[in-house]
Amino acid sequence: MKFDPTLILIAVALAVFVFFQFRSSRKRAKETAARQAAIGVGVEIMTNYGLYGTILSIDEDTNVALIETTPGTVLKIHRQTILKVADYAQPEETDTEAVVEDEPAEIQLNEDNAIVAGEPEFGERLEPEVKKPVRKPKTEPGE
């Protein structure tokens, strides 16, 4: 019995594909289990739809979690909508007295008394608009 080399290559490629699929699914299951273990009462979480809150309680039987989004606001959500533990970075607090506001630029006027100031803003014209004279409609003689 003689085996075709193409058939052997197809079988090897299929075996490699199945191996990598099995390995990646096990890896995802392990990551999901680790995420679920980190989620508990008092933990700040983010849901699938981007809502942040603190877990107040989790009912394992009904898969319902109560989260507090703002003080006094409690939401009842399905446990599977909890995506991950919140990892957002807290903004650094700055000393408000140390902030120096920019002084306004000097206002300059050109010959048409139009304001001329440094660089133009996006969409701002550089030169003043020139108004075109309005033409009066021609009238026929005798009117």
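1. Asn63 lies in the loop between strand 2 and strand 3. Helices and strands here are DSSP runs, numbered from the N terminus (helices are H or I, at least four residues; strands are E, at least two). Asn63 has a positive phi of about 60°, although it is not a glycine. Most residues other than glycine have a negative phi. Asn63 counts as partly exposed because its relative accessibility is 27%. The cut-offs are these: buried is under 20% relative accessible area, exposed is over 50%, and partly exposed is in between, with a 1.4 Å probe and protein chains only.

2. A word on the model. It is predicted, so local features need pLDDT of at least 70 and side-chain atom pairs count only at pLDDT 80 or more, while totals for chains, interfaces and linings use all residues. Residues are numbered from 1 along each chain as its sequence is written, and side-chain values use heavy atoms, with hydrogens and water left out.

3. Now the overall layout. The chain holds one helix and seven strands. Along the sequence the pattern is α-β-β-β-β-β-β-β. The chain has 143 residues, and buried residues make up 10% of them.

4. Five strands form an open sheet, in the order 4-3-2-1-5, with antiparallel pairing. Two strands pair if DSSP finds at least two bridges between them. Strand 4 (73–78) and strand 5 (82–85) are the edge strands, and each pairs on one side only. Neighbouring strands of this sheet are turned by 45° against each other on average, direction ignored. Axes for such angles are lines fitted to C-alpha atoms, for helices over the stretch in contact, and angles run from 0 to 180 degrees between N-to-C directions.

5. Look at strand 2 and its two partners. Strand 1 (residues 44–47) and strand 2 run antiparallel and are joined by three bridges. Ile45 stands opposite Gly53 in strand 2. Strand 2 (residues 52–59) and strand 3 (residues 64–70) also run antiparallel, with five bridges between them. Ile55 has Ile67, in strand 3, as its bridge partner.

6. Which residue takes a positive phi in the hairpin of strand 1 and strand 2? Gly50 does, with a value near 85°. That hairpin has four residues between the strands. The hairpin of strand 2 and strand 3 has four residues between the strands, and there Asn63 takes the positive phi.

7. The count of salt bridges is one. A salt bridge is a side-chain nitrogen of Lys or Arg within 4 Å of a carboxyl oxygen of Asp or Glu. Arg79 forms it with Glu60, and the closest N and O atoms are 3.7 Å apart. The pair links distant parts of the chain, 19 residues apart: Arg79 is in the loop between strand 4 and strand 5, and Glu60 is in the loop between strand 2 and strand 3. Arg79 counts as buried because its relative accessibility is 16%.

8. The count of aromatic pairs is also one. Phe19 and Phe20 form an edge-to-face pair, 5.4 Å centre to centre, with 65° between the planes. Rings of Phe, Tyr and Trp (its six-membered ring) pair if their centres lie within 6.5 Å; planes under 30 degrees apart count as stacked, over 60 as edge-to-face and the rest as tilted. Phe19 is partly exposed at 49% relative accessibility. Phe20 is partly exposed at 45%.

9. Finally, Val12. Its place is in helix 1 (residues 5–38). Val12 counts as partly exposed because its relative accessibility is 47%.
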